[in-house]
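Some notes on the model follow, as numbered points.

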Amino acid sequence: MYQRTLILTLFLFLFSALDSYSKIEIDINSPTIQKIPIAIPELNAIGQVNKNGKKFIEVLKQDLKNSGLFQIVPAPPLSGSSVNYQAYFDAGADALIKGDYKASGSNIEIAIRLFDLKDEQPIIGRSYEASPGRLSEAAHRFANHVLKELTGIDGFFTSKVVYVSGSKRKRDLYLMDYNGENIRKLTSHKSLLLSPSCSKDGSKVVFNSDKVWDQDLYVIHLYPRFKEKRISKPYKLDQSAEWSPDGSKIVFSLDGDIAIASSSGTGVRKLTRARAIDVSPTWSPDGTQIAFVSDRAGSPNVYVMSASGKNVRRITKGGYNTDPSWSPNPKVNKIAYVKVEKGGGANIFTVGSDGSSEQRLTWASGRNETPSWTPDGHYISFVSTRAGSSNIYLMFHNGHNPVQLSKGAPKKFPTWCG
């Protein structure tokens with residue numbers, strides 16, 4: 001597991017009653033989501049007012065809105081150090097976030113707490129000192145804590161997204177914060193670069209590119225610096241690789257069959273040898289099964305087999321189905337995929353690994369493609385042309401609360417890191 005160097009310090013507030021609060025319950029598997037009403041007033045300035053205090057709250061609010069599980073309740077600003085629980089409860093909130101900040105040289109110090117308004121007690125507290133460039137990261141970290149405490153879901157707000165951008169045959173990999181900020185270029189291939197997949201620990205990305213040969217597999221290490229290596233042999237068509245959950249292996253398409261290899265590309269072994277084209281493999285959360293796309297029955301459809309290549313079974317039917325992506329969360333245990341429609345449209349669906357409970361998630365016009373799960377396995381990112389240019393969107397695993405994460409130049413093949 002890699003470690004990132006943070007220009008950020010974190011201290012815990014200690015509360016004697018933290019283990020006794022009544023957690024706000026939310027059924028994450030319900031077809032409809034009852035959002036948690038939460039009040040988030042501006043931070044209280046201790047000393048000189050600083051614009052970064054407002055920015056922290058803006059980022060925090062946007063994170064919680066993007067989760068689709070919170071309703072921000074308008075509320076009057078707090079005054080003093082005490083909390084008027086009843087006033088915020090009467091305003092319709094079940095939870096409250098209250099904090100103070102002060103300038104400390106070029107940095108800003110923030111002390112912030114989450115309160116349960118029903119039980120009238122604090123739940124968690126954190127204190128951050130951050131440079132202006134790391135202020136968003138501090139807000140993302142606290143948003144993760146809030147999401148976890150109130151819903152039980154691990155937050156994704158500190159995660160990075162790797163994606164492909166560029167013209168048809170002059171593409172490269174880029175890295176951004178989950179919300180589209182801090183974009184950095186990772187490669188200089190200027191080639192037909194496709195299908196990045198980030199390892200579970202967020203330290204490296206495997207992708208395919210025709211930079212040198214037809215399509216080869218490359219691995220780029222993200223930390224401590226970008227370091228790239230080709231791991232497949234030339235004169236073979238290697239593509240759409242994905243890391244195993246434990247990071248020890250990759251599964252990929254090799255000349256139209258599904259193959260498996262070590263993380264370094266050695267010990268290649270084919271799992272399928274059908275008279276068909278087999279592509280786009282994806283691992284089950286426990287690494288014992290693999291879903292993939294095959295046209296062995298005519299049109300492309302999604303199949304599932306054991307990780308040894310046995311017990312192949314078809315789980316989608318009808319039409320043209322492609323781009324499977326298996327949730328890394330065994331409790332969710334859904335496979336997202338794309339159904340291409342007559343006339344050129346495409347939409348995201350999910351289905352159980354046994355072919356049951358198919359559900360359509362997107363309804364917007366245009367193309368909605370390349371689904372990818374957040375590390376917690378509850379959210380799906382995808383690329384959509386609904387607003388014109390192809391950009392990255394995020395939605396809850398039942399299709400609720402679709403939000404646009406990126407803007408600008410067209411982006412494709414998002415994968416989540418860390």
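1. The expected span of a helix is 1.5 Å times one less than its number of residues. In this predicted model, helix H1 (residues 51–67) has 17 residues, and the distance from its first C-alpha to its last is 25 Å, close to the expected 24 Å.

2. After H1 comes Gly68, which has a positive phi, near 75°.

3. The buried residues of H1 include Phe56, Ile57, Val59, Leu60 and Leu64, and also the polar Asn52, Asp63, Asn66 and Ser67.

4. Phe56 and Leu60 are also among the residues with the most contacts inside the largest nonpolar core, which has 46 residues; Ile38, Ile97, Leu114 and Phe142 are listed with them. Helix H3 (residues 135–151) supplies the largest share of this core, eight residues.

5. Leaving aside residues up to four places away in sequence, Leu60 touches Ile40, Ile97, Ile112, Ala139, Phe142 and Ala143.

6. The model has one disulfide. It joins Cys198 and Cys417, with the sulfur atoms 2.1 Å apart. Cys198 is in strand S11 (residues 193–198) and Cys417 in strand S31 (residues 411–417), so the pair ties together parts 219 residues apart in sequence. Both cysteines, Cys198 and Cys417, are buried.

7. What is the handedness of the disulfide of Cys198 and Cys417? The torsion about its S-S bond is about 125°, so the disulfide is right-handed.

Note on methods:
Residues numbered from 1 in each chain as written. Predicted model: local features only at pLDDT ≥ 70, side-chain atom pairs only at ≥ 80, totals over all residues. Heavy atoms only, no water. Disulfide = S-S within 2.5 Å. Helix = DSSP H or I, 4+ residues; strand = E, 2+ residues; numbered from the N terminus. Buried < 20%, exposed > 50% of the residue type's maximum accessible area, 1.4 Å probe, protein only. Core = buried A, V, L, I, M, F, W, Y, C linked by side-chain atoms within 4.5 Å. Contact = heavy atoms within 4.5 Å.
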